[in-house]
Amino acid sequence: MGVFLTVRFCGEVAPGVESFPHFFPLPWAGVSLAVLEVHVGTSLVLSVEGQQAVLPVWYSSRSQQEGFSLQQHNLEAKACGISPMQILSVMSGVVKVEETDLKSRVGFLHPIETRNISLLINATREQDSGQYMCTVNVVDDTIRNVGLINLTVLVPPATPTCQLHGNAVVGANVTLSCSSRKGKPSPMYQWQREPPTLQVFFPPAQDRAKGTLKLTNLSLEMSGVYVCRAENQAGSENCSIVLEVQSSEYVSTGSGRGTQSP
């Protein structure tokens with residue numbers, strides 16, 4: 001019996017190709033015979049960075065001699081034309097893990113003798129995202145059967161930075177900005193003013209995608225603590241800024257600080 005796992009990676013996405021969220025449809029791959037069939041539990045697996053990911057794959061065969069291979073093809077790599085890179089193989093029941101970024105983190109979830117060849121990836125990283133392909137070969141036949149699974153590793157937002165743009169004086173206009181340096185998918189932002197004067201903001205004053213909040217015709221009563229939450233499917237983080245509206249031509253620097261959500 002032989003098992004092979006191959007991975008494609010690409011550092012940059014080709015122009016016009018989305019990296020997230022964009023999944024190619026997965027038609028059933030390979031020719032299905034009574035002798036051999038590859039099964040996948042799902043065509044799409046989602047994981048959060050740092051957690052485990054299980055790619056459920058198994059096969060059925062009437063033959064006593066069979067081999068199979070497992071490959072990962074990163075969607076971005078297809079666009080860039082990067083060659084696959086083998087990361088794991090099994091020959092005659094012996095597992096060999098190649099010298100790749102996944103070496104210390106990849107393996108089979110079950111004994112391969114069970115024909116459940118589900119792949120386990122520990123401590124997932126964003127660059128693990130891609131398309132995994134499992135190919136089973138029957139040694140005494142010319143048929144090869146294939147199963148495909150897409151893995152997407154989500155990344156929680158980093159603690160954002162809150163900033164004040166403009167002079168916080170009565171009658172003026174200012175903009176509060178909030179930006180997180182990472183997150184997959186890109187974080188959305190929500191501003192609110194903290195108690196005792198709780199206030200939640202909506203468009204057009206707030207731009208959730210850009211993380212900006214426009215405050216117009218400032219008054220002394222608009223002073224307070226403003227909190228921005230950066231969030232996506234993987235988690236959320238906060239930062240806050242103290243707005244002190246002055247009655248004279250005083251330039252407020254606005255003190256910003258980052259706090260982590262529970």
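Ser177 has Thr212 of strand β18 as its bridge partner. Strands here are DSSP runs (E, at least two residues), as helices are runs of H or I of at least four residues, both numbered from the N terminus. The model is predicted: local features need pLDDT of at least 70, side-chain atom pairs count only at pLDDT 80 or more, and totals for chains, interfaces and linings use all residues. Residues are numbered from 1 along each chain as its sequence is written, and side-chain values use heavy atoms, with hydrogens and water left out.

Strand β14 (residues 174-179) and strand β18 (residues 212-215) run antiparallel and are joined by four bridges. Two strands pair if DSSP finds at least two bridges between them. The open sheet has four strands, in the order β13-β14-β18-β17, with antiparallel pairing. Its edges are β13 (161-165) and β17 (206-207), each of which pairs on one side only. Strands of a sheet pair through backbone hydrogen bonds.

The chain holds 21 strands and one helix. Of its 262 residues, 45% count as buried (under 20% relative accessible area, with exposed over 50% and partly exposed in between; 1.4 Å probe, protein chains only). Contacts are heavy atoms within 4.5 Å. Among contacts between residues at least 6 apart in sequence, 65% join residues at least 24 apart.

Arg105 sits in the loop between β8 (94-97) and β9 (106-108). Arg105 counts as buried because its relative accessibility is 5%. Leaving aside neighbours within four places in sequence, Arg105 is in contact with Leu120, Ile121, Asn122, Ala123, Thr124, Arg125 and Asp128.
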